[in-house]
Amino acid sequence: GVDRLQRVTPTMLKHFNGRKGRPAWSSYQGKVYNITPYIPFHPGGEGELKRAAGKDGGKLFMEVHPWVNWDNMLNECLVGIMIGENEGVE
Ligand code: HEM
């Protein structure tokens, strides 16, 4: 549920870019997904999906396939919600 979602700052999102053994996260409409397990299954290829790693993938996604329901497909991969940079400071 929503209670286990992490609050993710833009800096954190950049960190999880799939490099150096880190998972690949990508945000869409303010929600953050761990896309790592989906990468090998992406019909458009691994390289294309990885372009969205560590970033907001919404624009790329909408340019290519606005008809795909990512919310539905990646529900199991939801890890957090985006917050502002300074909202992360406790
Ligand atoms: C194809 C899912 C992100 C590029 C597809 C298809 C699905 C899909 C279901 C098949 C669509 C169809 O046949 O109608 C996803 C999901 C994404 C994602 C769930 C987010 C996590 C991206 C991104 C890019 C991209 C960020 C580009 C940078 C493509 C391309 C195809 C494709 C080029 C077309 C492959 C072809 O028809 O030859 N994707 N995608 N996708 N995707 Fe994605």
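This is a predicted model: local features need pLDDT of at least 70, side-chain atom pairs count only at pLDDT 80 or more; totals for chains, interfaces and linings use all residues.
Residues are numbered from 1 along each chain as its sequence is written, and side-chain values use heavy atoms, with hydrogens and water left out. Local features need pLDDT of at least 70 and side-chain atom pairs count only at pLDDT 80 or more, whereas totals for chains, interfaces and linings use all residues.

The iron atom of the ligand is coordinated by the NE2 atoms of H42 and H65, at 1.9 to 2.1 Å, where donors are N, O and S atoms within 2.8 Å of the metal (3.2 Å for Na, K and Ca) and water is not among the atoms, so sites may look incomplete. H42 lies in the loop between strand 3 and helix 2 and H65 in the loop between helix 3 and helix 4, so the pair ties together parts that are 23 residues apart in sequence; here helices (H or I, at least four residues) and strands (E, at least two) are DSSP runs, numbered from the N terminus. Both histidines, H42 and H65, are buried, that is, under 20% relative accessible area with a 1.4 Å probe and protein chains only.

Strand 3 (residues 31-34) and strand 5 (residues 78-82) run antiparallel and are joined by 3 bridges, and V32 stands opposite G80 of strand 5.

How values were computed: Two strands pair if DSSP finds at least two bridges between them. Buried means under 20% relative accessible area, exposed over 50%, partly exposed in between (1.4 Å probe, protein chains only).
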